[in-house]
Amino acid sequence: QVHLVESGGGLVQAGGSLRLSCAASGVILSIDRMGWYRRAPGKQRELVATIASAVDIDYADSVKGRFTISRDSAKSTVYLQMNSLKPEDTAVYYCKMDVTTVRALKVDYWGQGTQVTVSS
């Protein structure tokens, strides 16, 4: 079994910053791609950023230049540094990891979500 635990959400004023973390634990052999998604009220979940390696990173156009995704593979952890936050960034943020378990099974795991609220 694999568990993802997120932290770092909260309430911040527009223009402020937050840093999200997501750590995986369990019977992990390796983790390929790690990512962050978000779901705003009344909207579908959307991709924010994903990272497979230092040279394989994708961002949604809406966060380019403001958000930075990074990973610490030794700690099975992914981070999302969010700067210049806007009210439209308000959402529940979810991490996702593409895990290969010690039994060689490839499974996608999701975190429980962390609320980010940006006030104007």
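Reader: In which strand does Val12 lie?

Author: Let us keep in mind that this is a predicted model. Val12 lies in strand S2, which covers residues 10-13.

Reader: Does Val12 count as buried or exposed, and why?

Author: The idea is to compare relative accessibility with a cut-off, and buried means under 20%. Val12 counts as buried because its relative accessibility is 13%. Leaving aside residues up to four places away in sequence, Val12 touches Ser17, Leu18, Leu85, Thr117, Val118 and Ser119. For one of these residues, Val118, the C-alpha atom is separated from that of Val12 by 5.0 Å, although the two residues are 106 apart along the chain.

Reader: In what order do the 4 strands of the open sheet come?

Author: In general, the side chains of a regular strand alternate between the two faces of the sheet. Here the order is S1-S3-S8-S7, with antiparallel pairing. Strand S1 (2-7) and strand S7 (67-72) are the edge strands, each of them pairing on one side only. From one strand to the next, the twist averages 15 degrees.

Reader: How many bridges pair S7 with S8?

Author: S7 and strand S8, residues 77-82, are paired in the antiparallel sense over 6 bridges, and Phe67 has Met82 in S8 as its bridge partner.

How values were computed. Residues numbered from 1 in each chain as written. Predicted model: local features only at pLDDT ≥ 70, side-chain atom pairs only at ≥ 80, totals over all residues. Heavy atoms only, no water. Helix = DSSP H or I, 4+ residues; strand = E, 2+ residues; numbered from the N terminus. Buried < 20%, exposed > 50% of the residue type's maximum accessible area, 1.4 Å probe, protein only. Contact = heavy atoms within 4.5 Å. Pairing = 2+ DSSP bridges. Axes fitted to C-alpha atoms, helices over the stretch in contact; angles between N-to-C directions.
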